[in-house]
Amino acid sequence: MINVEAVYWFIGALFIAWASLIARDTGHRHRIGSSLFWGILGLCFFYGTWVQAGKAPAWILGVAVLVLVGLASSGQLSDGKAKSSTPAERVAYAARFGNKLFIPALLLPVVTVALVLAAPVLVIGGTPILDPKNTTLVALTIGAIVAAAAAVVILKPRNKLAPLLESRRILESIGWAALLPQMLSTLGILFTKAGVGTAVGTLTASILPKGSLLAAVAVYCVGMFLFTVLMGNGFAAFPIMTAAIGWPVLIQQFHGNPAIVFAIGMLAGFCGTLCTPMAANFNLVPAALLEMKNRYGVITAQIGTALPLLVVNIGLMYFLAF
Amino acid sequence: MLVLIGVLLVIIGFAVRLNPLIVVTVAGIVTALLGGMNPLQILEAFGSGFASSRSVTVFAAVLPVIGIIEYFGLQEQAKNLISKLARLTAGRVLLAYLAIRQITAAVGLTSIGGHAQAVRPLVYPMAEGAAMRRYGNVPEQLKERIKGHSAAADNVGVFFGEDVFVAVGSILLITTFVDTTYHLQLEPLELALWAIPTAIAAFLIHGFRLLRLDRKLDREYARITGESATVHAGSAA
């Protein structure tokens, strides 16, 4: 079986390979700091396997993570601006290869989706070939490898390691933002352990006026929204807001339809995900990937949709569930 | 209530634009200390948090293929393709992507789009290509706005599409939590069904905004350059 840990090892190996490319780049402004950052990050992906299995002490990984944060925030990590093709060369290549360039780009989702759909029948001797709990991750990684190989075959770069060299450029433009989603998910765990959720739940329940259905619906939805903004995803908000208001007030007191209340409540939380830097993998990493000047530019574009949609959710829940 | 100081730290840190890594780390340590954890437990929390969240960094695996096709001019080719289509504007390109992203997510194909594998190499260049046709040289401010909306179309599409599909994480989380805590028996299909009204509303609201985006870009272009937008058909060559 191709386990999800194999995916993490592949990613870890990529980080180490990128680190060694940076280490050999003598023109890099922060050659040592940057190669250390990506190298340690790569090792963490391997070591994490044993931490996840409970077979190695987690605190060592904790120290490594803090070292990464230290390197990134003390200015030791920077973009080496690796050389790539010039704009003029790209125009010439585009004219030469034309729509063939789309083949690898489309192969990636096609292989991924095909593997996801075929996963239930890809079984050898009773064991599934792809990790059934993480089919999408495994399929996506295989799709990425197939697509990169196809790109080398079709485009015939002089250096067969071109996918590695060129992805280093993208990685360095993302920079520290690459680590942020994982740090935020750790913060979410710490928040939950320390009881932040319960505190926010008590706070919102305390401002709830008695007897008004519309107010209760609004507080539940706005609570889901705000809570998601703070925690970065609706998954952490849902159990707490539901325990504070959703179940005792909306279902038990006002006899709402549970399926409608909970489905729309979660979607009110999703409106919050659109508005928060805490959801780094949706809002900050894309801004880095697109090399935007304004780190919060994606959020700015989304707020105008998220707020009206939150109001719509309140209305939908009020009219459909009761 | 004291633990909420950590939340406050995050808000202030993000608001004054400190490096988010430092903000998140400090807020995490402060919250953990207030919650009564000792230094070793805090280090363990950072370690196990990292180990269990490695899946969010899977975008790294698609960078090699994106890197090589970008080197050979994928973005340029995407721009070429779009700038030949006269009726396409940045807003309409993104509207089409929003529709594709939402529909495919609704049938469970969330891995078709994404920021690293679709938005950067294809969607944004296509939207920019459409803008190039209209404005010739696209000013930096307009590019920035188009970039923001390219990523936004992906997010809105996938968030409000995937919940219509039964086997998605958020729906399973609802049923698991509610069924075990309150002894209900909710069907995932029922939850997915009731996600449809919001999905339609999301498409209408965001779609409407994307259609208006073109006029917004026109106005911004006029303000920056002092001239009004004309179709630059020459850029298609």
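**Reading the model step by step**

Reply: Among contacts in chain A between residues at least 6 apart in sequence, 71% join residues at least 24 apart. Please bear in mind throughout that this is a predicted model.

Me: How many helices and strands are there in chain A?

Reply: Chain A has 14 helices and two strands. Its C-alpha atoms fill a box of roughly 75 × 50 × 45 Å along the principal axes. Of its 322 residues, 53% count as buried.

Me: Into which domains is chain A divided?

Reply: The assignment gives domain 1 (1-178) and domain 2 (180-321). The C-alpha centres of these two domains of chain A lie 32 Å apart. Where they touch, five residues of domain 1 are in contact with seven residues of domain 2. By class, the domain 1 side of that contact has three nonpolar, two polar and no charged residues.

Me: And into which domains is chain B divided?

Reply: Chain B is divided into domain 1 (4-52) and domain 2 (57-236). The C-alpha centres of domain 1 and domain 2 of chain B lie 32 Å apart.

Me: Let us turn to the contact between the chains. How many residues does each chain bring to it?

Reply: Chain A contributes 119 residues and chain B contributes 95 residues. On the side of chain A, the largest share, 13 residues, comes from helix 8 (residues 180-194). By class, the side of chain A that touches chain B has 88 nonpolar, 26 polar and five charged residues.

Me: How is a pair of packed helices described?

Reply: Take helix 6 (residues 135-155) of chain A and helix 4 (residues 63-71) of chain B, which pack at an angle of about 25° with their axes 8 Å apart. Because angles under 35 degrees count as roughly parallel, helix 6 of chain A is roughly parallel to helix 4 of chain B. Helix 6 of chain A passes helix 4 of chain B in a left-handed crossing.

Me: Which residues meet where helix 6 of chain A touches helix 4 of chain B?

Reply: From helix 6 of chain A come A:A144, A:A147, A:A148, A:A151, A:V152 and A:L155; from helix 4 of chain B come B:P64, B:V65, B:I68 and B:I69. By class, this contact has ten nonpolar, no polar and no charged residues.

Me: At what angle do helix 3 of chain A and helix 3 of chain B cross?

Reply: The axes of helix 3 (residues 58-73) of chain A and helix 3 (residues 39-52) of chain B cross at roughly 80° and come within 6 Å. That angle makes helix 3 of chain A roughly perpendicular to helix 3 of chain B. Among the residues that meet are A:W59, A:I60 and A:L61 in helix 3 of chain A, and B:L43, B:E44 and B:F46 in helix 3 of chain B. By class, the contact has twelve nonpolar, three polar and one charged residues.

Me: Are A:H255 and B:R17 buried or exposed?

Reply: The count of other C-beta atoms within 10 Å decides the matter, and a residue with 12 or fewer is exposed. A:H255 has 10 such atoms, so A:H255 is exposed. B:R17 has 11 and is therefore exposed.

Me: Where is B:K84 found?

Reply: B:K84 is in the loop between helix 5 (74-83) and helix 6 (90-106) of chain B. With 13 other C-beta atoms within 10 Å, B:K84 is partly exposed. B:K84 and B:R133 are 49 residues apart in sequence, and their C-alpha atoms are 8.2 Å apart in space.

Me: Finally, is B:S170 buried or exposed?

Reply: B:S170 counts as buried, because 20 C-beta neighbours lie inside 10 Å. Its place is in helix 9 (residues 169-182) of chain B. Leaving aside neighbours within four places in sequence, B:S170 is in contact with A:G234, A:F235, A:M266 and B:D163.

Methods: Residues are numbered from 1 along each chain as its sequence is written. Chains are lettered from A and ligands numbered from 1 in the order in which they are written. This is a predicted model: local features need pLDDT of at least 70, side-chain atom pairs count only at pLDDT 80 or more; totals for chains, interfaces and linings use all residues. Axes are lines fitted to C-alpha atoms, for helices over the stretch in contact, and angles run from 0 to 180 degrees between N-to-C directions. Helices (H or I, at least four residues) and strands (E, at least two) are DSSP runs, numbered from the N terminus. Angles under 35 degrees count as roughly parallel, over 145 as roughly antiparallel, 65 to 115 as roughly perpendicular and the rest as oblique. A crossing is left-handed if the near helix is turned anticlockwise from the far one by less than a right angle, and right-handed if clockwise. Two residues are in contact if their C-beta atoms, placed from the backbone, lie within 7 Å. Ala, Val, Leu, Ile, Met, Phe, Trp, Tyr, Cys and Pro count as nonpolar, Asp, Glu, Lys and Arg as charged, and the others, Gly among them, as polar. Domain bounds come from an automatic or database domain assignment.
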